[in-house]
Amino acid sequence: MENIRLYRKRLIPDECVLLKDDEILLCNDEYILTKWKTLKKRSDMDHGMSLYCLKKGIKVSKFCKSDDSLLYWYCDIVDYETDEDRSMFISTDLLTDVLIYPNGDVKVVDLDELAEAHRTGLIDDDRLYRSLTYTNALLKDIDDGNFADYAALINSYEN
């Protein structure tokens, strides 16, 4: 997977954005790790790193403030797809997100969006199933103390 172009695809709103400024730090059959600055200026967040877990349907992002302190971990539940020559990589947001705060609190968000997207036909039964099962597996990893493995991999590439 050399010279790949990363895209972030959202269903709500309907958009597909080339992440042209993301720097790829690691790329193999299991993970893609990037570092990035926010696409739009924000007062609460400045930059971060994202670990695309290709076999688990999650993207774990470390959201940092301008002073490099952790704002929170943001876990997108996603589908991945590549083009035939594997130069274009698309991460499609399956709407459910899991936030992990520095104090250890965990919050699952956007289940209402997932339900509405399914009700209106924006996502089919298969994607609904994947979103829920990937979310469940991530929550189990968090409960079992395995989220530290994702954080350690991301943190090992800082600086």
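**Notebook: salt bridges, a buried lysine and a surface patch**

I counted salt bridges and got 13, taking a side-chain nitrogen of Lys or Arg within 4 Å of a carboxyl oxygen of Asp or Glu as the rule. This is a predicted model, so I kept to pLDDT of at least 70 for local features and 80 or more for side-chain atom pairs, while totals for chains, interfaces and linings use all residues. My numbering runs from 1 along each chain as its sequence is written, and side-chain values use heavy atoms, with hydrogens and water left out.

**Entry: charged pairs**

Side chains of opposite charge can pair when their charged atoms come close. I looked up Arg119 and Glu116 and found their side chains in a salt bridge at 2.6 Å, N to O. Both sit in helix 1 (residues 111-119), and because they are three residues apart there, about one helical turn separates them. I took helices as DSSP runs of H or I with at least four residues, and strands as runs of E with at least two, numbered from the N terminus. Arg119 is exposed at 61% relative accessible area, whereas Glu116 is partly exposed at 37%. For these labels, buried is under 20%, exposed is over 50%, and partly exposed is in between (1.4 Å probe, protein chains only).

Next I checked Asp21 and Lys20, whose closest N and O atoms are 3.4 Å apart in a salt bridge. Asp21 is exposed at 59%, and Lys20 is exposed at 63%.

Then I went to Arg8, which bridges to Glu15 with the closest N and O atoms 3.3 Å apart. Arg8, Arg10 and Glu15 are linked in a network of salt bridges. Glu15 is partly exposed, at 25%.

**Entry: Lys62**

Is Lys62 buried or exposed? I have it as buried, with a relative accessible area of 9%. Lys62 lies in strand 6 (residues 58-64). Its side chain makes polar contacts (N or O atoms within 3.5 Å, one able to donate a hydrogen and the other to accept it; residues adjacent in sequence count only if both atoms are side-chain atoms) with the side chains of Asn155 at 2.6 Å and Glu158 at 2.8 Å. Leaving aside neighbours within four places in sequence, I also listed contacts (heavy atoms within 4.5 Å); among them are Trp36, His47, Tyr72, Trp73 and Ile154.

**Entry: Val108**

I found Val108 in strand 9 (residues 106-109). Val108 is partly exposed at 33%.
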